[in-house]
Amino acid sequence: MPSSTSSSSESVDMSKFDRPLPKRQLRNTVIVAFVICVTLMTGWELYWRDFGVPASYRNSEGLWTIQRRRIDNGEGDKTVLTGSSRVFFNTQLDVWEAESGQRPIQLALEGTSPLRIMEGLADDDDFTGTLLVGVAPMLFFSGFEYRQAVVDRYGKETPTQWLGQQISMPFEPYLRFYFPDYALFQILHRQDWPVREGWNSNIVLDVRKLANYRKDRNARLWSKVADNEDYRNEARMIWESGFVPMDERDDAFKTMALEGRATQIERAVTATKKLHERGIDVIFVRNPAEGHYAMSEPMFNPRAETWDVLIEKTGALGIHWLDHEELQGFYLPEWSHMTGSEADRYTKALYHVIQRELAAHKNMQSE
Amino acid sequence: MLFNSLTFIAFFILVLALHNAPLSWTTKKTNLLIASYLFYAAWNPPFVILLWISTVIDWHVAKKLFTEQVQSKRKVLLAVSVVVNLGLLGYFKYGGFLMENFQVLMSMAGIDYQPPDWSIVLPVGISFYTFQTMAYSLDVYLRRAEPSKSFLDFALFVTFFPQLVAGPIVRPTHLLPQFATPRVATRQQLYWGLGLMTIGLFQKIVVADGLLAPASDAVFGATNMLHPVDAWLGTLAFSGQIFSDFAGYSTTAIGVALTLGFGLPDNFRYPYAAIGFSDFWRRWHISLSTWLRDYLYIPLGGNRKGNIRTYANLMTTMLLGGLWHGASWTFVVWGGLHGVYLAAERWLVARLGHHDVWNKLVARVLLALLTYFLINITWVFFRAPDFTTAWRMITTMLTFVTSGEKILPTVLVLQTVITTAVMLAIHWWMRNRRLDEVIDRMPVWLTGLLWGVMLMLIIITQGGSDAFIYFQF
């Protein structure tokens, strides 16, 4: 019987396990490959620096998870910001901290309904602070989650994902090319390719890089969005892409939208009730919008049928920018988000409106 | 732990450093064993217990099988190994599938049976390592080989991290002897291993995930009738994606093992240049096809018991091979189609194979294209989430009804067409060549340039750490 299963090497020709190798020594090839790779990567990095990309962390799933875990690790009494990109970009943590003495935890996710995050916090006894929920109508009342994977990751993060995030973070602020918007195929896909005959071109375009992020997910609109007209127009064009007016939608869409809206409001009511029962203040905030959004948001989600119903049914404090003069008149270069300096002013104004209205809301409830 | 992750880079550097440190061979093997458990635990730590169960059971079973002379007792021992390994596989992988089918059978009999919720997470790579450990017990049972004398070596054989979760499925006779004596890579092996890792990661990150997955995902995710061009492009894209993904893993695994001084067998040899289906299965997932041949097809009788039995054995092997890939009837159909192809080829070769015309280049190219075409048909069932999608795709592809929707933009059309053409050309060119020999004939600057550019493309693609497709099997 052959003994080759045995770990004893006595009668086994060990050379038969060796893989064939190139006969030529590979040392010089490795050196050439290394030099070429380093040269190309240096050029690539310099190109993006020249493009004006500033230092930033990646707005990754892991970065969000780190912030979410702070609630489990003894910081559950803090103010938590959630919502979509408007809360994310417009609420500046430095300013909030300067006004309140406490730095909030930023859990807002661009293009994503905050309801699952809110539900998670409602079921999490570690959370005892205050919850600010941004309401971007197209997302909130549809339940759409562009960053679904982020919310999915919390609680399911594998050790390798955790470690990958820890390894990645030290490099992120130093490598400008290391950002999803500058990934090879992202660049390739957004080139101006000839349109294929008969292709349905009415699609939603991928969003470009809009903001820069710090380690605690403080996000600030990239100055290029405000300063560079082409870039700003591109951002606006992306917001408009795929838009089909309500009148042109079929009945099935309209029915689905109405049913979906009712479902999302019920979810919010349930989560708010749980939070209120634990003595947690919930504040819904409707941030400013202009241009395309000033037209499309009321068209799809009229205030009386959405925001007003939400506030009435949840019994929570609602801050709508149209109701407060202090929250109006800010510059939104691409109709949805404020420049950094405007966001600073807005955060300060919002903080004080919230404090004032919250006190009034509580007084009213106690009477 | 995914090869295409930052965690793996850190892990690999650490393992490589420890393996080259001045430590005893036993310590180095222990390091590799611990590293392998960590590699696996990085997904889901509790599932390491499954590896331990397989390891301990097969270690003891094989020892007893070797000394036991009473055939009935040997059969019982083998049954223990098979039941434990296939039991784990069945419970985690096929439990839900069996429940669903039982429910259908009950409803056909007029019984309204509601199965319990079967939301069980599938342990990564369970199909691979259960087959690998079973091969050990089977080899000892069939008296093809002796059991290992070292538990450490055996545990490392079951767990060896480069090929643990997606193969190649290595035979004990190939890997265990390599653990017997100290092995550290020579400088040439280290460089070549790094080169293979670069090729493997390029296949996965750039070709599979970057160039081909978007078209494949869009087409197979569509719910409407598509234009035949889109249906074909989606299928061709998946054809290239599944090869690049899986061969990418195998090549990386072979490269990683080589940097540590170990040789793993080839798992792919340019399969899309195959002329016929026997040739295809000598080039595609070689470690699985040879496993099925040695432990299923031949024990069933192979081609030794007449034509009818041969065809039946072929079909059985391929149907089970299909089911090995996933708990769904679409995988069974995929395996069944390959079984039919192999049977038909066998029948045709017996009658027409002697003609000289098959040796002419034109005929060989045409046969290769026919093989590729028919293989693409099978990939539709492999990739489609259900039979509705599969039939819709097949109907569109074969009837050329042009009223369907065009969903692929120009860039994805170009990516798919160019990548597929280049891939087929490379497979055909490399059909009877070895990569190391080709490298020997290339100038240093060209090899270095290609290597450097591949590295750069891997980095700037910024892959999202998408799991390898075969992990789910």
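I started with how helix 9 (residues 228-259) and helix 15 (residues 387-399) of chain B pack in this predicted model: the angle is about 115 degrees, with the axes 8 Å apart. Axes here are lines fitted to C-alpha atoms, for helices over the stretch in contact, and angles run from 0 to 180 degrees between N-to-C directions. Helices are DSSP runs (H or I, at least four residues), numbered from the N terminus.

Next I looked up who meets whom. Helix 9 of chain B brings Pro228(B), Ala231(B), Trp232(B) and Thr235(B), and helix 15 of chain B brings Met393(B), Thr396(B) and Met397(B). I took contact as C-beta atoms, placed from the backbone, within 7 Å. That set splits into 5 nonpolar, 2 polar and no charged residues; Ala, Val, Leu, Ile, Met, Phe, Trp, Tyr, Cys and Pro count as nonpolar, Asp, Glu, Lys and Arg as charged, and the others, Gly among them, as polar.

Then I turned to the domains of chain B. I noted domain 1 (21-181) and domain 2 (189-447), with bounds from an automatic or database domain assignment. Their C-alpha centres lie 27 Å apart, and 17 residues of domain 1 touch 17 of domain 2.

Last, the chain contact: I found 54 residues from chain A and 65 from chain B. Helix 1 of chain A gives the most to its side, with 11 residues.

A note on conventions: residues are numbered from 1 along each chain as its sequence is written, and chains are lettered from A and ligands numbered from 1 in the order written. As the model is predicted, local features need pLDDT of at least 70 and side-chain atom pairs count only at pLDDT 80 or more, while totals for chains, interfaces and linings use all residues.

Technical notes
Helices (H or I, at least four residues) and strands (E, at least two) are DSSP runs, numbered from the N terminus. Two residues are in contact if their C-beta atoms, placed from the backbone, lie within 7 Å.
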